[in-house]
Structure formats: C-alpha cells, structure tokens
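Hello,

Here is the structure that I promised to hand over to you. Please look through the sequence and the model first, and then read my notes below.

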Amino acid sequence: MSGNLEQFLQELSRGLSKTMVSVNKELTMRDRIKRSWSMRQCARFLNVSHQHLTKLAKDHEDFPAGNYVGRERVFTLKELMHIRALLAGTGKRPYEYLAWRKPEDALPVISFASQKGGTAKSLSAAHFAQYLSLHYGMRVGIMDADPQSTITLYFVGGEEMPAMPDENTPTMVDFAGLFQTTEDLPFTDYDAPTLDTFFKKTSWPGVRLLPAHGETSEGEIQIARILRADIPGKRFYRFLKDAIDRWRDGHVPVTKPNELMSDGKVDRSKLDAALVETLDCIIIDYQPALTLFQLNNVIASSSLIIPQTMKGFDIATLSTFVTGLLTMLRHIFANERLDIGAGANMLLPTIVQRTNEQDLKQVSNLLENCPDEVLPVFYLRSDAISNASDVYQSVYEYEPDTPGKKKGINRFIDNADAVNDAIVSRLWPGLERGYADAWMEDFYDFGEDAE
C-alpha cells in the first residue's frame with residue numbers, strides 16, 4: 001500500500017507542478033494588474049473632490065495623461081501614485097496624500113492570525129495591504145509566514161517575482177536568521193541592507209513582499225535545533241523581532257512627501273527611490289497554527305488582528321487559540337517583560353451570513369461581552385469573491401466582465417472598504433474615511449431605530 005501512496009503523491013505532485021507552471025507562465029506574460037481607475041475613483045482614493053482633481057488635471061502639465069476607455073479617462077496604479085506625489089508637492093498638507101511614516105514614528109507590525117484555516121485570514125491581510133496603498137499611498141511590507149503561500153499568490157507576478165518563488169527564494173525563515181550560514185553560530189543575524197534585499201517588489205507601487213514556499217515550514221525545525229544549542233542570551237521567540245528591529249533601525253524615513261518634485265514636476269527617480277526607502281508598516285500573514293515559529297510573529301507584532309468565522313465550532317477553536325497564546329505569553333513574561341502588542345488588537349468577524357441568525361447572534365454576543373476587542377464592522381459572506389479568486393486576483397485588482405459580476409464585486413468592495421476603514425480607525429486614529437460609519441449606519445439601521 002505504501003508503494004501505491006508514494007506513486008499517488010509523486011504523480012499528484014508532478015501534476016500540480018505542471019498546473020502551477022501554466023499559472024506562472026500566465027502571470028509572467030501579463031501585467032499583474034490589468035485594471036485602471038476612473039478620475040472619480042481616483043478622487044475617492046485621494047480623498048479630494050472630483051472637481052478638485054479635474055481642475056488639477058487641467059491646470060498642471062505634469063498630471064498623468066492616463067488612457068481613455070470610451071469617453072472616460074482612466075489611470076493605472078503607477079499613475080495614481082504620481083498624482084499623489086503631485087498633490088503632496090503642491091498641497092498644504094502633504095501627508096494627507098502620502099501617509100508616510102515620519103522619522104520619530106514607530107514602525108507598526110500588524111499580524112493577521114488564526115489557528116483555524118478558512119477564516120479569510122490571507123484575504124483580509126491582502127485586502128488591507130492593498131487598501132493602504134490605494135487610499136493612503138503607504139509603503140507596505142508583507143511577510144508570508146504560511147507555507148501554503150496564499151498571500152504570496154495575491155502579489156506574485158510583479159517586477160522582481162514574475163513567478164511563484166522556489167527553494168532559492170528567501171523566506172521569513174531566512175529573514176529571522178534561523179538558518180546556519182557559518183560554523184560559529186547556529187543562527188545568522190543579517191544586517192539591515194541584507195534584510196532589505198529579502199523583500200521583493202510587487203506590481204503595487206511601494207508594496208513589497210517577503211514570500212513563502214514549502215521551506216517556510218522549516219521554521220519550526222530550525223527553532224528546535226537552535227533550542228538544543230542553548231545559546232546564552234538568545235531567546236527562541238525573539239528571532240523575528242530582533243531582525244525587524246535591525247531592519248527598522250537601518251531604514252529610517254528620510255524623504256518627505258513634499259520633496260518629490262523638481263522644477264514643478266514629480267521627480268520620478270526620487271519618487272521611485274522613496275517608495276523603497278523604508279516601510280510605513282509591516283503586515284504578517286500567519287500560518288493557521290500556534291507554533292514556536294508563529295510565536296515569533298506574535299512577539300514581533302505591535303497589533304494582532306484575528307479574522308474569525310462565527311460558527312459554533314469556530315468560536316470553540318478560537319477560544320483554544322486565544323487560551324494557548326495567552327499561556328505562551330505568560331510563560332515568556334515570567335522570564336522577560338516585553339512591550340509587545342502595544343497597538344490596537346482586534347477580532348475581525350468574517351464570512352458572516354446576513355441571513356443566518358446564528359452568525360448574527362454570535363457577533364452580537366461578542367460585541368456585548370467584549371465590545372472593545374471586536375470590530376463592529378465585518379466581512380459578509382459573498383460569492384463575488386470567487387470570481388476574482390478564479391484569476392488569482394483580489395477584488396481591488398479584478399475587472400468584472402459582466403454587469404452582474406460588477407455589481408457583486410462593487411458590493412464586496414464597499415464591504416472591504418468599511419472593514420479596512422474600521423481597522424485604520426483603530427491603528428491610526430484620525431486617518432479613517434468614514435466608510436465604516438456609513439456601513440454600520442446601513443447594516444444596523446440606526447436611522448430606523450431612531451424614529
């Protein structure tokens with residue numbers, strides 16, 4: 001029987017490899033993001049009026065030409081970033097258009113974690129990263145800690161990674177220094193410039209990815225090996241935190257948003273350099289497990305977001321995850337007091353069925369029993385997301401090809417914008433756009449209750 005299983009796995013692996021090759025070829029031959037955005041949509045991303053943006057386009061010779069789809073003028077992501085730089089260079093409040101981290105600001109490390117699979121964890125993390133790029137022009141670093149590489153799939157196809165990563169591509173295990181590269185030490189502390197090379201550019205300007213592949217699963221093995229070495233002064237749970245701190249200290253923000261123009265035009269070389277100069281936040285997508293490697297991610301995080309479905313068994317799994325994580329942290333705190341998770345932490349309900357009374361009751365109970373810990377805005381279940389997933393895209397990238405699909409995607413985007421706005425309101429109070437409040441007013445029927 002073992003021979004049959006071996007043959008089965010071998011043939012299945014070969015078939016999957018061929019399937020992935022065809023996917024990779026498709027991604028290589030096309031631009032990752034084919035869609036573009038109208039002047040009105042760009043104005044929404046920039047938080048300015050359509051009239052203001054139209055006037056800027058008319059008055060400023062450096063405004064991107066864009067393209068025309070019928071009578072509508074549309075712009076790419078790169079052109080949208082150019083418009084941001086133009087507004088930052090000519091406006092009174094440059095950081096409103098490019099919400100970049102200042103030298104004195106801390107580096108937020110935001111982790112999306114869940115012990116259970118199927119909670120839309122990777123989808124939530126990917127959409128949040130793209131939302132920060134679209135609406136704030138933030139420079140976002142994405143770390144994929146999941147060997148399944150789901151969030152990597154959302155961003156593969158970019159300038160430096162046209163195909164899925166292979167065993168030669170550095171992962172978080174490399175970044176954390178868990179592999180031995182010299183005989184002197186069982187781990188490797190890379191310097192800041194080397195750590196920066198592990199981030200790969202994506203098709204989203206300013207968004208870089210530290211991808212995952214099968215080797216990422218070795219993180220646990222390497223930590224076990226290092227624990228056996230019993231290194232004085234080196235804590236097994238601090239490898240990622242120490243590496244991120246070294247990278248952060250070597251990549252302090254230098255360029256200000258209003259310094260991107262020369263002779264009345266956006267200096268493209270200066271903008272391109274600024275987009276990889278540093279990061280305004282790091283987003284980590286966890287493996288659905290509670291392991292020592294994942295504990296490294298928790299210790300490195302300033303904020304923890306737990307996407308969670310609302311079924312009875314799922315809540316029980318969540319309780320186990322939270323209790324287990326709490327036990328681990330208390331064990332660590334008994335030996336070393338660390339300032340971790342000092343930012344906003346939250347539970348994000350996901351895949352909630354509007355017509356399912358049990359789902360809504362679970363959300364209601366959570367909001368009643370721990371209102372400060374649970375987001376009142378959440379992801380509703382939607383079949384529209386599968387249309388984007390079929391072509392390896394997020395809803396922000398996907399260009400629907402039928403009116404029906406467009407309606408469904410736009411409804412989901414409104415939901416995603418509201419969720420992400422709610423997260424922003426807790427992580428960066430004052431930067432929110434009001435999408436969350438509008439969604440809650442509609443979903444909870446506040447106006448109807450007031451009558």
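The structure holds zero disulfides, where a disulfide is counted as a pair of cysteine sulfur atoms within 2.5 Å. In general, a disulfide is a covalent bond between the sulfur atoms of two cysteines. Of the cysteines, Cys281 is buried, with a relative accessible area of 0%, whereas Cys370 is partly exposed, at 22%; buried means under 20% relative accessible area, exposed over 50%, and partly exposed in between, with a 1.4 Å probe and protein chains only.

Please keep in mind that this is a predicted model, in which local features need pLDDT of at least 70 and side-chain atom pairs count only at pLDDT 80 or more, while totals for chains, interfaces and linings use all residues. Residues are numbered from 1 along each chain as its sequence is written, and side-chain values use heavy atoms, with hydrogens and water left out.

The secondary structure of the chain comes to 18 helices and 12 strands, which are DSSP runs numbered from the N terminus (helices are H or I, at least four residues; strands are E, at least two). The radius of gyration, taken over C-alpha atoms, is 23 Å, close to the 22 Å that the globule rule gives for 451 residues, so the chain is as compact as a globular protein of that length; that rule is 2.2 Å times the number of residues to the power 0.38. Buried residues make up 52% of the 451 residues.

An open sheet of seven strands has the order 6-7-5-10-4-11-12, with mixed pairing, and two strands are said to pair if DSSP finds at least two bridges between them. The edge strands, each pairing on one side only, are strand 6 (200–201) and strand 12 (346–349). Helix 5 (residues 121–136) packs on this sheet, touching strands that include strand 4 and strand 10, and its direction makes about 165° with that of strand 10; contact means heavy atoms within 4.5 Å, and the angles run from 0 to 180 degrees between N-to-C directions, along lines fitted to C-alpha atoms, for helices over the stretch in contact.

Strand 4 (residues 109–112) deserves a look of its own. Val109 and Ser111 point one way from this strand and Ile110 and Phe112 the other way, yet all are buried. Strand 4 pairs in the parallel sense with strand 10 (residues 281–285) over four bridges, where Val109 has Ile282 as its bridge partner. Three bridges join strand 4 to strand 11 (residues 303–308), again parallel, and there the bridge partner of Ile110 is Ser303.

Best wishes
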